[in-house]
Structures are given as C-alpha cells and as structure tokens.
Amino acid sequence: MNKRLHYCLSIFFSSVLLMISCQQEEREVIDPTLDTTISKDSQLAQLMKNVVTHDGSYDNLVDGSNCFSINLPYTIILNSTDQITIDHVSDYSQLSQSDTIEIQFPIIITRDNYEEEFVEDISELQSLADGCELTDDDIECVDFVYPFRFQTFDPDTNNMNTTEVAHDAQVFEFMNNIDQNTAVSISYPIQLILSNGEHLDAGHNEELVAGILSFEMSCDENDE
C-alpha cells in the first residue's frame with residue numbers, strides 16, 4: 001500500500017509541476033509587456049479591421065453605396081425590359097453606367113461591419129445609401145491568407161485560448177471585441193495576398209504593419 005501511495009503521490013506532483021511549467025510557457029508566449037501583443041486602439045488593430053471590413057463597392061452600379069452590398073441572389077429589371085438574376089459578382093460586368101436598373105424588392109444587404117438588414121423598397125435603400133460616408137477606410141488591395149490564429153491571455157484568470165479564423169468576418173468580429181484587459185497576439189508567421197496575386201510573409205507585428213501600409217493604396221479602389 002505504501003509503495004502504491006508513494007507512486008500515486010509521485011504522479012500527482014509530476015502533473016502539478018508539468019501544469020506549472022506549461023503555464024509559465026504560456027506566459028512567455030504571450031507576455032503582455034512584449035511588442036507581440038495587439039491593443040484595441042493600436043495602429044495594427046485598426047489596419048487589420050480596415051483590411052477585413054466588408055467592401056460594398058463592387059455593386060455600386062446597382063445600390064449606389066460603398067458601405068453595404070446587396071446579398072446574392074436577387075433580381076433586377078434591366079432597361080425596363082430584361083429580368084436578370086444576379087447570382088455571382090461576375091454578373092455585374094454585364095451592367096454599365098448608362099443602364100436603367102430597377103431592383104426587385106425585398107432584398108437583404110450586408111453592411112461594412114457584416115451586419116445584415118432587410119430592405120423593403122427603393123426609398124429605404126436610398127436612405128441607407130445617403131447615410132454612407134463618401135469615402136471609407138477599407139483596404140481593398142491587401143487580403144489575409146487563411147486560416148491563421150490569434151492567442152489571448154486573461155491575466156485575471158490565467159487562461160490562455162487560441163482562436164482560429166478563416167474569414168474576414170471572423171477577424172472583424174474578433175478585432176472589434178478585443179477586451180482592453182486581455183492580451184492578444186497573432187500566431188506568426190502569416191501571409192498577405194496582394195491585389196496583383198503576390199504573397200507577402202509577415203513574422204511579427206512591425207512586419208505586418210509595414211506590409212499593409214506599403215500596399216494599401218496599390219490598387220484602384222472602386223469607391224465612387
């Protein structure tokens with residue numbers, strides 16, 4: 001019995017030491033005093049939000065607004081004669097500035113923050129478009145290559161979590177909900193894809209900021 005008790009105690013203390021060691025490693029990975037962390041009001045946090053903000057400019061010929069887009073599919077009457085269903089973004093290439101376009105309501109729109117809204121008629125849509133700013137901060141020339149991961153550390157509970165993101169909307173929500181008391185970092189390396197198809201590697205915060213700033217105005221944004 002004594003040998004068995006001794007064995008059990010040895011296992012117990014070994015487990016405790018392992019947990020303490022792991023916790024210390026977690027603290028080292030995401031030490032809030034290091035430059036690898038991202039604060040909610042930092043330049044990097046804002047740039048990342050600008051990269052993943054929903055771009056509503058691709059259907060401006062139809063809805064007249066760059067701060068939201070119309071969810072697909074939906075139907076329009078083109079030049080008072082042809083009924084066309086817009087199923088894909090590529091369908092907008094068949095439209096021109098000289099066309100008369102009549103949206104068949106109701107429709108659902110997606111705002112720049114990914115919130116969806118039901119729109120019943122043209123007057124409601126026009127009111128929403130009038131409320132949009134003439135210019136926006138979204139960065140369309142750079143995109144993230146997914147998936148990648150965030151790490152968070154709560155100093156109050158000593159809990160560390162990993163969140164994997166696979167879409168712009170997930171990054172937007174994550175960055176928008178960063179708690180001031182929670183340390184956040186990116187699991188590097190990550191990749192950016194540029195508007196010309198080129199890939200750019202980033203291995204730390206400063207490199208990611210520099211990469212986004214270098215290419216944020218390198219493409220022709222369709223925000224008019």
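Visitor: Which strands form the open sheet that includes β5, and in what order?
Guide: Happy to start there, with the reminder that this is a predicted model. The pairing in this sheet of 3 strands is antiparallel. β1 (68-70) and β6 (116-119) stand at its edges with a single partner strand each, so one side of each has no neighbour in the sheet. The order is β1-β5-β6.

Visitor: Which residue of β5 stands opposite Ile70?
Guide: β1 and β5 (residues 107-111) run antiparallel and are joined by 3 bridges. Within β5, the residue opposite Ile70 is Ile109.

Visitor: Which helix packs on that sheet?
Guide: Neighbouring strands of the sheet are turned by 30° against each other on average, direction ignored. The helix touches β1, β5 and β6, and its direction makes about 140° with that of β6. It spans residues 122-130 and is α4.

Visitor: What is the order of the open sheet that contains β8?
Guide: This sheet has 3 strands with antiparallel pairing. β9 (159-165) and β10 each have a single partner strand, so they stand at the edges and one side of each is left without a neighbour in the sheet. The order is β9-β8-β10.

Visitor: Which residue of β10 stands opposite Gln151?
Guide: β8 and β10 run antiparallel, with 4 bridges between them. Thr152 stands opposite Val184 in β10. For Gln151, the residue opposite is Ser185.

Visitor: Are the residues Ala183, Val184, Ser185 and Ile186 of β10 buried or exposed?
Guide: Look at both faces of the strand: Ala183 and Ser185 point one way, while Val184 and Ile186 point the other way. On one side of the picture, α5 lies across β8, β9 and β10, at about 20° to β8. As for the four residues of β10, all are buried.

Visitor: Which element supplies the largest share of the largest nonpolar core?
Guide: That core has 28 residues, and those with the most contacts inside it are Met48, Phe144, Phe148, Phe150, Met175 and Leu208. Elements that each supply at least two of its residues include β7 (142-144), β8 (148-154), α5 (168-176) and α6 (205-215). The largest share, 6 residues, comes from α2.

Visitor: Why is α2 described as largely enclosed, and what covers it?
Guide: Among its buried residues are Leu44, Leu47, Met48 and Val51. In total 8 of the 10 residues of α2 are buried, so the rest of the structure largely encloses the helix. The cover over these buried residues includes β7, β8, α5, β10 and α6.

Visitor: Which residues does Phe144 touch, leaving out those up to four places away in sequence?
Guide: Phe144 is one of the residues with the most contacts inside the largest core, and both Phe144 and Phe148 are buried. With residues up to four places away left out, Phe144 touches Met48, Val51, Val52, Ile190, Gln191, Leu192 and Leu208.

Visitor: Which residues form one aromatic cluster with Phe144?
Guide: The model has 7 aromatic pairs. In one of them, Phe144 and Phe148 are tilted, 5.4 Å centre to centre with 50° between the planes. Phe148 and Phe150 form an edge-to-face pair, 5.4 Å centre to centre and 65° between the planes. Together with Phe144, the cluster holds Tyr146, Phe148, Phe150 and Phe174.

Visitor: What is the relative accessible area of Phe150?
Guide: Burial here means under 20% relative accessible area. Phe148 is buried at 5%. Phe150 is buried too, and its value is 0%.

Visitor: Which ring does the charged end of Lys49 sit over?
Guide: Lys49 is one of the buried residues of α2. Its charged end is 5.1 Å from the centre of the ring, which belongs to Phe172.

Visitor: Which residue in the turn of the β2 and β3 hairpin has a positive phi?
Guide: β2 (residues 74-78) and β3 (residues 82-86) run antiparallel and are joined by 5 bridges. Leu78 has Asp82 as its bridge partner. There are 3 residues between the strands, and the one with a positive phi, about 55°, is Asn79.

Definitions and conventions:
Residues numbered from 1 in each chain as written. Predicted model: local features only at pLDDT ≥ 70, side-chain atom pairs only at ≥ 80, totals over all residues. Heavy atoms only, no water. Phe/Tyr/Trp six-rings, centres within 6.5 Å; stacked < 30°, edge-to-face > 60°. Buried < 20%, exposed > 50% of the residue type's maximum accessible area, 1.4 Å probe, protein only. Lys NZ or Arg CZ within 6 Å of the ring centre and 35° of its normal. Core = buried A, V, L, I, M, F, W, Y, C linked by side-chain atoms within 4.5 Å. Contact = heavy atoms within 4.5 Å. Pairing = 2+ DSSP bridges. Axes fitted to C-alpha atoms, helices over the stretch in contact; angles between N-to-C directions.
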